[in-house]
Amino acid sequence: MSTPMSTHAVHPVHSSEPLLSVRDLRVTFGRRGEQPFKAVDGISFDVRPGQTVGLVGESGCGKSVTSLAIMGLLPTRGNTVEGSAVFDGEDLLRLSPGQMRDRRGREIAMIFQDPLSSLNPVVQIGRQVTEVMERHQGLSRKEAMPKAAELLERVGIPDPKARLVNYPHQLSGGMRQRALIAMALACKPRLLIADEPTTALDVTIQAQILALLKELVVETGTALVMITHDLGVVAGLCDEVNVLYGGRIVERGDRHTLFSRPRHPYTVGLLNSIPRLDAPRGEALSPIPGSVADNLPWDSACAFAPRCPNALDVCVQQTPEWEGDDVVGLRCFNPMGVSR
Amino acid sequence: MTPTPELPPERTTYAERRSQRIDALASASAAEEGGVSLIKSAWRRLRRNPVFLVGLAITVAFIALALVAPWLAPWDPAARPLLDDVRPQSNPVPGPEAGHPLGADDKGRDLLSRLLVGSQQTLLVGVLATFFGLLGGLVLGTLAGAVGGWIDSLVMRIVDVMLSIPSLLLAFTLAALATRPSQWTLIIAIATVQVPIFARLLRGSMLAQRASDHVLAARSLGVKQRAIVFRHMLPNALGPVIVQATLVLAVAIIDAAALSFLGLGNPDDRRPEWGQMLGKAQPFLGEAPHLAFYPAACIIVVALGFTLMGESLREALDPKTRR
């Protein structure tokens, strides 16, 4: 992974130093005496200031666990986290819970999947937004309230002053997600992790929220880690895309390359399972056969081999190694042809 | 209290049944979503529920009577206006007469006035015992549910031990320990018995809150542990505890009456209390059963009122019983 940068077209922001550098992150769940489960099995990626990095994969591929591990939000017991996640020169995984708490919300923030259940049902929106500023900027609630109204206005909530005294259930789904984005951005964090921020919303609202996120990221220079299973989201937002399978990154590239010339059969499968408007009438969607439950252990094979249309004998006998660097790469013995 | 449908049919121990019931109540709240809208829809259903309305009517009437009893009662409950009518041999308990619609007790005191004023003691004991029980349960339950670890284990083992002793027996024991029985020893004894119920219930719903999305979201913003517990977990965990409190009120009233009946309450019979009146009526059951009947009926009706209200409240707020 330490090979020098390749000759690929490099996005301008790639030239700067990484803000977050995740190296060989491993998260294992399991108690003593039980077979441990490797949810994240050696993931490495970089996020540079102003860059949007996507982590893509289906349910159970380890993308949410990766984000929770970086945030220090995994349960204190029942799991082990190894590797490093260097943010601004400090390894987040080595910080004490108190130090981590001081950075969460101020330096790094997170947006979750379900906007209704992610808001406290018995606290007014205004108080939930001001809480972050009171915590990290030492403002009183009185001082923070006008700022909260500005924030709500900035994320596109109409009549923000009136919304401050509303409870979460009085807002629509899109409004709630906007409020959560306002909370996450209240202290102008340098890194934002969005864990499927549009999954619980309907399509028109999804587009609005994505446009808002893009706008805010460009405006504030915040780095964004976008966790999603939706390649449509990736296509619209991400500079760099990491495709995860079974807790490892199987393919990486900038979004244009990845969409026009996908090489890993899993990436191809994901792309083929997107419904297309220009597909011939009556054409069935082609899902990826099987499920993540069919995975082989990475130790001695390619985890995706049982579901892979391109699988060779070697795929179930050896672990495919990562070929590439921190900008583009692939983990496959028999990638798809260059043109699709 | 009516048995809950969650209970398995096989024979279980007393402590297990109680623990299961409390856990069922706690888990019912875990599935709740939508905050106020849930309360709104519950109220819509309650408004049309005759069981709830009857319970509410009894409860409201009882509280109103207790509050105005001193002005409503025709006689001072300690005065003995019918003392001259008491004949230990022929007429130990004077019957009804003009100005005394229910007659008098064996000391010539107006029975109606004593019943009315007695409601105050019943309300006081019931409310205070429930309040202190709730308070103790809140402290222990919050501690166990929010801190977790060995504190949780320690608190919950103490709670289990207390729950394994039948509540009335435990209350008797505690009240009997007091060298000078009074209203307060009674309240403390009954409150102590309620503490483990509230503690277990609250701990359960605190655990559900700890795993909830909005607590994770608050943690992701660096909110401090104390604020998470008191602003994000506790207010959302209180629902089932408040419902339980209405049910505990009924139990507290019955327990208080039982303890007073056995002489473990306030020994001063110039301040009437229903259970105590019931106890003092015992020697005259043959000649004057009404002396026992009236306070007993009052206790039953009031306890029924609180139980009906509490049960229908619990059902209305429980998503599993919703139809």
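## Annotated span

UniProt positions are given in the numbering used here, feature names are shortened, and annotations may be inferred rather than shown by experiment. In an unreviewed entry, UniProt lists residues 22-271 of chain A as "domain: ABC transporter". The model is predicted, with local features needing pLDDT of at least 70 and side-chain atom pairs counting only at pLDDT 80 or more, while totals for chains, interfaces and linings use all residues. Residues are numbered from 1 along each chain as its sequence is written, and side-chain values use heavy atoms, without hydrogens and water.

The end C-alpha atoms of residues 22-271 of chain A are 26 Å apart, and the span is 39% helix and 25% strand (DSSP runs: helices H or I, at least four residues; strands E, at least two; numbered from the N terminus).

## Interface of chains A and B

In chain A, 29 residues are in contact with 19 residues of chain B (heavy atoms within 4.5 Å). The buried area is about 2100 Å², with 57% from carbon and sulfur atoms (accessible area, 1.4 Å probe, that the two parts lose on being put together, summed over both).

Between the chains there is 1 salt bridge (a side-chain nitrogen of Lys or Arg within 4 Å of a carboxyl oxygen of Asp or Glu). R231(B) forms a salt bridge with E131(A), with the closest N and O atoms 2.7 Å apart. Helix 1 (63-71), strand 6 (108-111), helix 3 (125-137) and helix 6 of chain A each supply at least two residues of the side that touches chain B. Helix 3 gives the most, with 5 residues.

## R178(A)

R178(A) is found in helix 6 (residues 173-185) of chain A. Not counting residues up to four places away in sequence, R178(A) touches V155(A), G156(A), I157(A), Q208(A), I209(A) and L212(A).

R178(A) is buried (under 20% relative accessible area, 1.4 Å probe, protein chains only) yet has no salt bridge. The nearest side chain of opposite charge, E215(A), is 7.8 Å away (Lys and Arg count as positive, Asp and Glu as negative; His and the chain ends are not counted).

Technical notes:
Chains are lettered from A and ligands numbered from 1 in the order in which they are written. Buried means under 20% relative accessible area, exposed over 50%, partly exposed in between (1.4 Å probe, protein chains only).
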